[in-house]
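Please look over the structure shown below before reading on.

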Amino acid sequence: MSTPRPFGRALCAMVTPFTAAGELDLAGARELAGHLVAEGCDGLVLNGTTGESPTTTDAEKTALVRAVCEEVGDRAQVVAGVGSADTRHTVALARAAEQAGAHGLLVVAPYYSRPPQEAVEAHFLRVADATGIPLMLYDIPGRTGTRIEQATMLRLAGHPRIVAVKDCAYDLLGSSTVIARTSLAYYSGCEELNLPLYAVGGAGFVSTVANAAPRRLRAVLDAYDAGACAESVRLNQLTLPLATSMMASGLPGTVTAKALLGALGLPGGPVREPLLPAGRETADGLLRTYGELAAA
């Protein structure tokens with residue numbers, strides 16, 4: 001059975017560019033989106049955690065989706081993050097994203113209130129029924145406090161518009177089981193699991209590191225698809241120092257991604273509070289690690 005890939009394989013969890021004054025930078029977003037697609041991204045995931053969605057307004061979210069959709073056209077899939085802890089608000093965001101041109105929706109499990117599984121399932125079904133575009137469920141219990149349990153995932157897979165999962169549950173056995181029993185496309189949301197999940201039938205990745213090194217991450221999947229498994233492992237290992245620097249440095253990936261984008265002369269701009277920018281030492285270290293990967 002072939003692996004379904006409704007949004008392609010290589011997806012970038014794109015940062016939201018801001019101006020020096022902290023305003024939404026739509027020109028920068030267009031530029032960055034075009035660059036990422038030219039560098040091998042099949043899709044762009046907007047308004048996620050990496051996109052600083054907790055600090056952007058509903059109007060900013062919609063404007064960003066519209067601008068990026070206009071920029072990339074049919075060259076890439078645009079998946080809009082619409083998750084919130086309020087089902088009614090999530091539905092409103094989903095409808096606005098659909099009207100702005102999004103090809104799909106990323107919907108996180110309701111967070112903080114820790115609803116039971118029956119309520120989690122009802123939340124996703126309400127959103128899926130509210131629009132005509134496909135959904136990617138986002139399972140990240142470390143942030144939300146609520147797992148999308150295996151039985152719930154199996155039931156949700158029966159909805160015609162629930163087609164994918166962004167998997168940050170760190171449960172390779174559970175993910176493999178759902179992959180084997182459904183047609184859900186599993187995308188790794190954890191950089192260190194991009195290749196392992198792909199090897200057990202995953203669809204690809206949704207990556208923060210892809211803001212800086214999309215072609216390098218895509219090459220890992222290309223080698224695997226070509227049957228060059230040892231080369232795929234080698235290429236994956238080359239990306240690990242950058243992934244570690246960006247995602248395991250004690251700073252949020254948004255902070256390190258924007259620091260590196262700025263050093264590379266690409267749009268990103270500052271982060272919004274409560275996040276703080278990376279220090280000069282951190283930014284210099286990121287650039288060194290990126291240079292080592294580029295030269296490898």
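The model is predicted, and its largest pocket has a volume of about 790 Å³. This pocket is lined by 40 residues, with R143, G189, T208, M247 and G253 lying nearest its centre. Helix 10 supplies the largest share of that lining, namely 7 residues, while helix 5 (141-144), strand 8 (204-207) and helix 11 (253-263) are among the elements that each supply at least two. By class, the lining of the largest pocket divides into 20 nonpolar, 14 polar and 6 charged residues.

The second largest pocket holds about 410 Å³ of space. Among the 21 residues lining the second largest pocket, T49, S53, G83, V108 and Y111 are the closest to its centre, and two or more lining residues come from each of helix 2 (58-72), helix 3 (87-100), strand 4 (104-108) and helix 5. The lining of the second largest pocket comprises 8 nonpolar, 10 polar and 3 charged residues.

The structure also holds 4 cavities of 30 Å³ or more. The table sets out volumes for the pockets and cavities described here.

| Space | Volume |
|---|---|
| Largest pocket | about 790 Å³ |
| Second largest pocket | about 410 Å³ |
| Largest cavity | about 60 Å³ |
| Second largest cavity | about 50 Å³ |

Residues lining the largest cavity include D139, R147, E149, D167 and D171, and by class the lining has 4 nonpolar, 3 polar and 5 charged residues. Helix 6 (150-156) and helix 7 (172-181) each give at least two residues to this lining, with helix 7 giving the most, 3 residues.

The second largest cavity is lined by N47, D58, K61, T62, V65, G81, V82, L93 and A97, which divide into 4 nonpolar, 3 polar and 2 charged residues. Helix 2 and helix 3 each supply at least two residues of that lining, and the largest share, 4 residues, comes from helix 2.

Helix 10, which contributes to the lining of the largest pocket, also packs against another helix: the axes of helix 10 (residues 229-247) and helix 12 (residues 280-295) come within 9 Å and cross at roughly 165 degrees. The two helices are therefore roughly antiparallel to each other, and their crossing is left-handed. In this contact, L238, T239, P241, L242, S245 and M246 of helix 10 meet L286, T289, Y290 and L293 of helix 12; by class, the contact has 7 nonpolar, 3 polar and no charged residues.

Key: Residues numbered from 1 in each chain as written. Predicted model: local features only at pLDDT ≥ 70, side-chain atom pairs only at ≥ 80, totals over all residues. Heavy atoms only, no water. Axes fitted to C-alpha atoms, helices over the stretch in contact; angles between N-to-C directions. Parallel < 35°, antiparallel > 145°, perpendicular 65-115°, else oblique. Left-handed = near helix turned anticlockwise from the far one by under 90°. Contact = heavy atoms within 4.5 Å. Nonpolar A, V, L, I, M, F, W, Y, C, P; charged D, E, K, R; others polar. 1 Å grid on protein atoms, 1.4 Å probe; cavity = no way out; pocket = protein on both sides within 12 Å on 5 of 7 lines; lining within 4 Å. Points joined across faces, edges and corners; volume = space filled by probe spheres on them.
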